[in-house]
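Open the model in your viewer and keep the selection tool ready. Each stop below tells you what to select and what is there.

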Amino acid sequence: MATLLLRLLPLLKPKHLKHLHQRRLLLWRLHFAVGKADLATGADEALKDVIAGVKEGKKALVSGYHDSTGTLAVNEEVAKKRAFAVKEALVRLGVTEDQIELVKPQVSEGTGANAEARRVEVVLK
């Protein structure tokens, strides 16, 4: 079984933090292993804050990203599968589908090192 690197991190760029705080948006990033869309053990616990935000009436916007390894077509499919994996986990944990929106980013190749680029971002709005 492939190991999934999972981290939920607030966005660290100060200019974005101010903007996100003003609009009351929260961002989490879930990182994945190369070519994989499997959620790691402990993902349910890591998604607790997202679930709490949805219960407060916010909507979870879920977007998948990929790194630059491999072909674009394969990478875009993996990014999509990652987003669906997070959506399915949220639904399994009690979030209704109408509280989750899958959002295809304009550019699905993530920024940063490859390990940072392989991710799903969840924004509460």
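**Stops on the tour**

Start with L90: its relative accessibility is 0%, so L90 counts as buried (under 20% relative accessible area; over 50% is exposed and anything in between partly exposed, with a 1.4 Å probe and protein chains only). This is a predicted model, in which local features need pLDDT of at least 70 and side-chain atom pairs count only at pLDDT 80 or more, while totals for chains, interfaces and linings use all residues. Residues are numbered from 1 along each chain as its sequence is written, and side-chain values use heavy atoms, leaving out hydrogens and water.

L90 sits in helix α4 (helices are DSSP runs of H or I with at least four residues, strands are E runs of at least two, both numbered from the N terminus). Leaving aside residues up to four places away in sequence, L90 touches L47, V50, I51, A60, V62, V95 and I100; contact means heavy atoms within 4.5 Å.

Next, select L47, V50, A60, V62, V86, L90 and V122. Of the 18 residues in the largest nonpolar core, these touch the most other members. A nonpolar core is a set of buried Ala, Val, Leu, Ile, Met, Phe, Trp, Tyr and Cys residues joined through side-chain atoms within 4.5 Å. Helix α4 gives the largest share of this core, four residues.

Last, select R118, in the loop between α5 (114-117) and β4. Is R118 buried or exposed? R118 counts as buried because its relative accessibility is 9%.
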